Amino acid sequence: MSNTVVKTVTDPSFLVAMLVAVAVFATLLTLLPAFGGNSIKSRMKAVAIEREELRAKQRVRLANEGERRRRGLREEHSVGMRNIVERLDLRRALADEKTLASLRMAGFRGQNPLTRFLFLRLVLPFVTFGLGLAYVFGLGGLPEQPFFIRLFVCILSAYAGFYAPVLYVSNRAAQRKASIQKAWPDALDLMLICVESGMSVEAAFRRVAEEIGAQSVDLAEELVLTNAELSFLQERKQAYDNLASRTGLESVKSVAQALVQAERYGTPVGQALRVLANESREMRMNAAEKKAAALPPKLTVPMILFFLPVLFAIILGPAGIQISGQGIF
C-alpha cells in the first residue's frame, strides 16, 4: 500500500497535474476581485444612484405641488359664489382671526379658500337638511319615532352640515401639524449642519426643504415659503413669525424667536439651533415613551375579551374532552 502511494506521488504526470491545479487556483484567486469588482464600492454606487433618483422624484413632486398651488391661487371662483359671499357679508358673520389662522395651519392660503369655506358653511346646512327630510319623511325613516323627534333629527343633520367644513379644516390642520412635528427635529439637525458649514439662513432653509421633502412635504412647503418671505419682506422677523403662526407649533415658535434674537443681537445661530434640536429630539422621545406607557392599559380589554377565552379553551379543552369521554358527567 505504501509503495503504491509513494509511486503515485513520485509519478511525474501526477506532479504536473498538481502544479497545474495549484496554478489555476492561484490565477482564479488573483483575478476574481478584478472580475467581481469591489462589493463595497458597487453597493455605495447603487445607494448613491438610488438617492439621486429619490431626490429627482422629490424635486419633481415639489415642483408639481407648487405649480398646482399657484394655479389654485390664480384660479377665479365663479361669479355667483363670490357675489353671494360678499352680498351676505359672510366674512364678518362666519369668519374671525381664529378661522383664518385655522385655514393657514391647514395649508389653505389666500382669498379663494376662504370664499369656498364660507360658501360651503352657507350651503351645506340646507343640503343636509334636505337630505334629512328626504330620508325621514320621504323614505319613511324612523317610523316608530314621533313627529318632533324626526324633525329634530333633520335639524341635527343641518347642524352637522354647518360645522362639517370646520371639522374638515381642523382635521386637516391636525394632520399637517403632526407631519411637521414628526419631521421637525430632523430638519433642525440638517439646518444646524448647513449653518455650521457656512451657509446663510436662506440657503440653509432651501437645502433643508429639498432634503426633508421625502419625510414631510408640508414642512418642505413651509420652509420654501419662509425662504421666499425672507427674500421679499422688509422685516425678516415677520417671515419667522409667519412660519410660527402657519405651523402652530411651540417648537417652531421657539426656533423662530431664537433666529430673530440671533439676528438682532448677533448671537451665534448654530449654538441656539443645537440647543433647540436637542430639546426637539427629547420631546419626540418623551412622546414615544408616553405612547409606549399607555399601551398596556389599552391592551387590557382586548386581552380579556379575545386572548383569555381562547387560552382557557386550549388549556381546559383536552381535559373536558377526556372527562366527557369517560362519562363522569
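1. At what angle do the axes of helix H7 (residues 111-138) and helix H8 (residues 147-196) cross? In this predicted model, they cross at roughly 150 degrees and come within 8 Å. Angles over 145 degrees count as roughly antiparallel, so H7 is roughly antiparallel to H8. The crossing of H7 and H8 is right-handed. Residues in the contact of H7 with H8 comprise 20 nonpolar, four polar and two charged.

2. For helix H13 (residues 269-293) and helix H14 (residues 295-326), the axes cross at roughly 25 degrees and come within 4 Å. This makes H13 roughly parallel to H14. Lys291, Ala292 and Ala293 of H13 make the contact with Leu295, Pro296 and Pro297 of H14. By class, five of these residues are nonpolar, none polar and one charged.

3. The whole structure contains 15 salt bridges. One of them joins Asp218 and Arg176, at 3.8 Å from N to O. Asp218 is in helix H10 (residues 217-232) and Arg176 in helix H8, so the pair ties together parts 42 residues apart in sequence. Arg176 counts as buried, at 3% relative accessibility.

4. Arg236 and Glu202 form a salt bridge with an N to O distance of 2.4 Å. Because Arg236 lies in helix H11 (residues 236-247) and Glu202 in helix H9 (residues 201-212), the pair ties together parts 34 residues apart in sequence. Arg236 is partly exposed at 26% relative accessibility, whereas Glu202 is buried at 19%.

5. A salt bridge at 2.5 Å, N to O, pairs Arg246 with Glu222. Arg246 of helix H11 and Glu222 of helix H10 are 24 residues apart. Arg246 is buried at 3% relative accessibility, and Glu222 is buried at 0%. Through shared partners, salt bridges join Arg109, Arg176, Asp218, Glu221, Glu222, Glu229 and Arg246 into one network.

Note on methods: Residues are numbered from 1 along each chain as its sequence is written. This is a predicted model: local features need pLDDT of at least 70, side-chain atom pairs count only at pLDDT 80 or more; totals for chains, interfaces and linings use all residues. Side-chain values use heavy atoms; hydrogens and water are left out. Axes are lines fitted to C-alpha atoms, for helices over the stretch in contact, and angles run from 0 to 180 degrees between N-to-C directions. Helices (H or I, at least four residues) and strands (E, at least two) are DSSP runs, numbered from the N terminus. Angles under 35 degrees count as roughly parallel, over 145 as roughly antiparallel, 65 to 115 as roughly perpendicular and the rest as oblique. A crossing is left-handed if the near helix is turned anticlockwise from the far one by less than a right angle, and right-handed if clockwise. Ala, Val, Leu, Ile, Met, Phe, Trp, Tyr, Cys and Pro count as nonpolar, Asp, Glu, Lys and Arg as charged, and the others, Gly among them, as polar. Contact means heavy atoms within 4.5 Å. A salt bridge is a side-chain nitrogen of Lys or Arg within 4 Å of a carboxyl oxygen of Asp or Glu. Buried means under 20% relative accessible area, exposed over 50%, partly exposed in between (1.4 Å probe, protein chains only).
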